[in-house]
Amino acid sequence: MNNFFDVVIVGGGASGLMFASLIKDKKTALIEHNQKLGAKILISGGGKCNITNEFVTDKHFLGDANFVKSAIKSFDQNVTLRYFQSRGLKTAKLKNNQFFCDKSAKELVDILSKESKLHTILTGEELLDVDKYDDIFTLKTSKRELRARHVVMASGGLSYASVGVSEIGYKIAKKFGNNIIKTAPALVGLTLQKEQFFFKELSGISCDVVIKAGEHICEGSLLFAHKGISGPAVLDASLYWEKGEISIDFLPNIKLEDFRNSNKNVSTVLPISKRLASALLIHLGIEDKKFSLLSKSEFEKLKIIKEYHFSPAGTFGYNKAEVTKGGVDTGEISQKNMMSTKCENLYFIGEVLDVTGRLGGYNLQWAFSSAFVCANGINKE
Ligand SMILES: Cc1cc2nc3c(=O)[nH]c(=O)nc-3n(C[C@H](O)[C@H](O)[C@H](O)COP(=O)(O)OP(=O)(O)OC[C@H]3O[C@@H](n4cnc5c(N)ncnc54)[C@H](O)[C@@H]3O)c2cc1C
């Protein structure tokens, strides 16, 4: 194999594969340390992969708003859908305006693989280091050395180690002078302090909630788990939570006043699981009796379940997190082509950057949009 390439892509995930499908007329190699491509896409969205969302704005992301806006504008959700649908992917719009693959995420990986313009695919091979001499990069992998004019780091974050992650993107960024914004697991379950350990007894129960994390409102279902709380609303809230309190409304769109004259027991009349209602009553020290018999002070206390404040202890960690927030500082990345302003012809795309989307298809959309900007920039050279 001639080991000199115009472009070497590191990472065969969503951003790397989209880049590979859009790059034109360049001798390109892809290094992927998993045996197969797109491993994370295959497990995304419960195997059906939430490709994008009908509504995508910079407000759906953590990160620099102008940087995000500029990339999304270049390759937005409609372009993403057209890209896949025109290549035969059947999509389904489900709740919260999320678009999924109708059958399976494998179809999406197959389309990207088929469209990729790769000269060489090196799977089962790990990138270990990169150096640069006289404008040419040398990439040291677990099996060989490659040389390249352009290097595109599409190596993802630190979440979900079971599908193959590494710190290589951050390592290379730092080595060439780029700043890293502190990383943390995100879109992840939250663990509990002792006072909320009673939630663990409710493992398996889910309910619709509204969670406030800072100024952000996250709606959806909450799942009680052995380790703490999880489910879409919690994952979404974890994006904004760092330390300190969140608040949960266990009865969204319900006014407790409407039950004031009810002669049914509180745990029966509240439209949540009886086990959850009973546990919350015990926690608040309120006897489960006819709603109408609650004293004024008991009724006031009960209102806490519409705004239950507590401080999570931490998160379930990177291994359970869907994404990694933080990453390569976009203040040092050109929004024209995703090139590092610290090192010519070194590019960063996808989750390795300090851009993180909410739950709902935004992270794959980011992977695709940032890949487009990068490929388009290199194609124009
Ligand atoms: C369980 C789960 C479900 C998810 N569901 C959704 C969803 O439905 N919708 C959504 O928008 N987002 C979802 N996400 C998030 C989304 O999958 C990621 O944000 C997205 O795949 C990131 O794309 P990427 O190309 O930046 O990184 P990745 O897809 O992680 O790709 C990076 C690739 O680089 C490879 N790599 C890393 N280090 C090296 C190295 N040293 N040498 C060689 N190769 C290396 C990795 O093996 C990997 O294949 C989910 C994530 C998880 C974990």
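**Figure 1. Overall dimensions and secondary structure of the protein chain.** The predicted model contains eleven helices and 21 strands in the protein chain. Along the principal axes, the C-alpha atoms fill a box of roughly 80 × 40 × 35 Å. Of the 381 residues in the protein chain, 55% count as buried.

**Figure 2. The shell of residues around the ligand.**

Figure 3. In the side chain of glutamate 32, an N or O atom lies 2.6 Å from an oxygen atom of the ligand. For asparagine 34, the distance from a side-chain N or O atom to an oxygen atom of the ligand is 3.3 Å. Leucine 364 takes part through its backbone, with an N or O atom 2.7 Å from an oxygen atom of the ligand. On its own, the ligand has 1000 Å² of accessible area, and the protein covers 96% of it.

**Figure 4. Helix H1 and its buried residues.** The buried residues are Ala14, Ser15, Gly16, Leu17, Met18, Phe19, Ala20, Ser21 and Leu22.

Figure 5. One aromatic cluster is formed by Phe198, Phe199, Phe224, Phe250, Tyr308 and Phe310. The structure as a whole holds 17 aromatic pairs. The ring centres of phenylalanine 198 and phenylalanine 199 are 4.7 Å apart and the ring planes stand at 55 degrees, so this pair is tilted. Phenylalanine 198 and phenylalanine 199 are both buried. Between phenylalanine 199 and phenylalanine 250, the ring centres are 6.2 Å apart and the planes stand at 70 degrees, so this pair is edge-to-face. Phenylalanine 199 lies in the loop between strand E12 (190-191) and strand E13 (206-213), and phenylalanine 250 in the loop between strand E16 (246-249) and helix H8 (266-269), so the pair ties together parts that are 51 residues apart in sequence. The relative accessible area is 0% for phenylalanine 199 and 1% for phenylalanine 250; both residues are buried.

**Figure 6. Lysine residues over phenylalanine rings.** Lysine 27 lies over the face of phenylalanine 5, at 4.7 Å from the ring centre. In a further lysine–phenylalanine arrangement, the charged end of lysine 200 sits over the ring of phenylalanine 197, 4.1 Å from the centre of that ring.

**Figure 7. Serine 267 and its side-chain contact with lysine 274.** Serine 267 is located in helix H8. With a relative accessibility of 1%, serine 267 counts as buried. The side chains of serine 267 and lysine 274 make a polar contact at 3.0 Å.

Terms used:
Residues are numbered from 1 along each chain as its sequence is written. Side-chain values use heavy atoms; hydrogens and water are left out. Rings of Phe, Tyr and Trp (its six-membered ring) pair if their centres lie within 6.5 Å; planes under 30 degrees apart count as stacked, over 60 as edge-to-face and the rest as tilted. Buried means under 20% relative accessible area, exposed over 50%, partly exposed in between (1.4 Å probe, protein chains only). Helices (H or I, at least four residues) and strands (E, at least two) are DSSP runs, numbered from the N terminus. A charge sits over a ring if NZ of Lys or CZ of Arg is within 6 Å of the ring centre and within 35 degrees of the ring normal. A polar contact is a pair of N or O atoms within 3.5 Å; within protein, one must be able to donate a hydrogen and the other to accept it, and residues adjacent in sequence count only if both atoms are side-chain atoms. Accessible areas come from the Shrake-Rupley method with a 1.4 Å probe; for residues, only the protein chains shown count as cover.
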